[in-house]
2 protein chains.
Amino acid sequence: MKLSEAQQKFIQGWGQLGASWGINRTMAQIQAVLLLSPKPLCTDDIMERLQISRGNANMNIRELLSWGVVYKSFIPGDRKEYYYSEKDMWELAKKVSRERKKRELEPLVRILGEVKSVEGTSEEVKEFRKVVKSAGSMAKRAESVLDLVMKLDENIFFKWMGKKK
Amino acid sequence: MKLSEAQQKFIQGWGQLGASWGINRTMAQIQAVLLLSPKPLCTDDIMERLQISRGNANMNIRELLSWGVVYKSFIPGDRKEYYYSEKDMWELAKKVSRERKKRELEPLVRILGEVKSVEGTSEEVKEFRKVVKSAGSMAKRAESVLDLVMKLDENIFFKWMGKKK
DNA sequence: CTAAACTTTCAATAATTTCTGAAAATTTAA
DNA sequence: TTAAATTTTCAGAAATTATTGAAAGTTTAG
């Protein structure tokens with residue numbers, strides 16, 4: 001298979017994965033482009049590679065920077081900003097876990113805390129309390145799994161998983 | 001807090017969580033309604049509760065059934081189908097893991113297998129191979145984590161996590 | 001059978017999300 | 001400073017995704 005074709009497939013597949021996990025497809029594709037590039041790229045490179053507008057490129061690069069999975073790089077004698085991706089997949093997984101935990105799990109936990117104070121003794125209220133309690137406990141568990149994943153390094157994690165690296 | 005208000009908040013929050021994980025908001029809300037109901041509900045109950053059309057309700061119920069997180073229930077002497085949710089959050093988490101692994105991780109793994117055969121010795125090709133290899137290894141790891149989660153029961157998992165139940 | 005009860009489908013429409021491109025803001029070299 | 005280079009913003013447009021509702025399909029009681 002030719003490189004360009006293979007790259008295209010990878011970028012598409014990565015974008016698809018992102019999209020089905022609630023991440024903007026273009027954002028995931030930009031990250032794929034940066035992952036595949038041996039050297040940092042500027043906004044124009046990315047615009048050209050993915051055939052997208054400056055606004056779109058800028059917005060999504062910004063988002064990737066805020067997730068901490070893409071970094072800025074400055075090239076001496078060039079005013080443009082260049083970007084490169086975190087290439088350690090383990091580090092990437094940790095950062096994505098951290099971000100999603102913050103953005104999605106925590107809001108649910110907050111709501112669960114609020115609604116715990118529901119009044120009454122009817123069957124519906126009992127059912128409600130039960131569901132809220134078990135959802136809360138599951139969310140806490142998920143948080144601790146993510147915390148653990150984020151704290152351990154790859155080696156220790158896989159040793160702990162009982163698999164060879 | 002009053003039950004109706006609390007339920008409303010829970011349904012909204014659950015829908016939000018679903019939406020940010022790439023699950024149709026209404027689908028998640030229907031599941032929340034069923035989670036909170038002490039008894040099975042029919043399509044009309046759900047339509048009324050969420051103020052949605054019959055088509056929409058039917059489509060999303062169908063999807064929930066296909067994920068295996070909602071079951072059908074028949075009430076003697078009634079021709080309508082009734083639905084109830086899997087209420088064990090651990091079971092729910094396992095089923096969602098299984099479904100997402102199948103729907104999203106597997107396609108990526110397939111693509112990675114395809115593009116592995118890229119030809120050449122340039123730096124870009126080397127970089128490409130490296131990225132594909134580490135993405136593949138991460139995907140396999142993620143799959144084994146999910147497999148493990150799906151195989152273990154809640155007790156064993158949390159013991160293994162070093163936390164009390 | 002027949003018809004009522006119920007479920008499913010799907011084309012049209014609505015809602016939401018993403019993208020564009022040009023203008024505004026910012027940065028920096030000189 | 002000044003002005004060229006670059007980045008950011010954002011209103012409108014385009015694309016995508018979700019929803020409706022009515023018609024078609026299915027099932028079952030009688």
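## Close-up views of a predicted two-chain model

View 1. Once its neighbours within four places in sequence are set aside, Ser97(B) is in contact with Leu146(B) and Met150(B).

**View 2. Ile52(B) in the loop between helix 3 and helix 4 of chain B.** The loop that holds Ile52(B) runs between helix 3 (43–50) and helix 4 (54–67) of chain B. With a relative accessible area of 18%, Ile52(B) counts as buried, and, leaving out residues up to four places away in sequence, it touches Thr26(B), Ile30(B), Ile46(B), Met47(B) and Ala57(B). Lys126(B), by contrast, stands 74 residues from Ile52(B) along the chain, and the C-alpha atoms of these two residues are separated by 53 Å.

**View 3. The open sheet of chain B.** Three strands of chain B form an open sheet in the order 1-3-2, and their pairing is antiparallel. Strand 1 (41–42) and strand 2 (70–74) of chain B take the edge positions, where each has a single partner strand, so one side of each remains without a neighbour in the sheet. The pairing of strand 1 of chain B with strand 3 (residues 81–85) of chain B is antiparallel and rests on two bridges; here Leu41(B) is found opposite Tyr83(B) of strand 3 of chain B.

**View 4. The hairpin of strand 2 and strand 3 in chain B.** Strand 2 of chain B runs antiparallel to strand 3 of chain B, and five bridges join the two. Within this pairing, Tyr71(B) has Tyr84(B), in strand 3 of chain B, as its bridge partner. Six residues lie between the strands of the hairpin, and Gly77(B) in that hairpin adopts a positive phi near 80°.

**View 5. The open sheet of chain A.** In chain A, an open sheet is built from three strands with antiparallel pairing, and their order is 1-3-2. Strand 1 of chain A is paired with strand 3 (residues 81–85) of chain A in the antiparallel sense over two bridges, and the bridge partner of Leu41(A) in strand 3 of chain A is Tyr83(A).

**View 6. Chain A as the setting for its sheet.** Seven helices and three strands are present in chain A, and from the N terminus on they follow one another as α-α-β-α-α-β-β-α-α-α. The radius of gyration of chain A is 21 Å, well over the 15 Å that the globule rule gives for 165 residues, so the chain is more spread out than a compact globule. Along its principal axes, the C-alpha trace of chain A spans about 70 × 40 × 35 Å. Buried residues account for 48% of the 165 residues in chain A, and, of the contacts in chain A with a separation of 6 or more, 53% come from residues 24 or more positions apart. The accessible surface of chain A amounts to about 8700 Å², with 54% of it belonging to carbon and sulfur atoms.

How values were computed. Residues numbered from 1 in each chain as written. Chains lettered and ligands numbered in written order. Predicted model: local features only at pLDDT ≥ 70, side-chain atom pairs only at ≥ 80, totals over all residues. Heavy atoms only, no water. Helix = DSSP H or I, 4+ residues; strand = E, 2+ residues; numbered from the N terminus. Rg over C-alpha atoms; globule rule 2.2 N^0.38 Å. Buried < 20%, exposed > 50% of the residue type's maximum accessible area, 1.4 Å probe, protein only. Contact = heavy atoms within 4.5 Å. Areas by Shrake-Rupley, 256 points an atom, 1.4 Å probe, with all protein chains shown as cover. Pairing = 2+ DSSP bridges.
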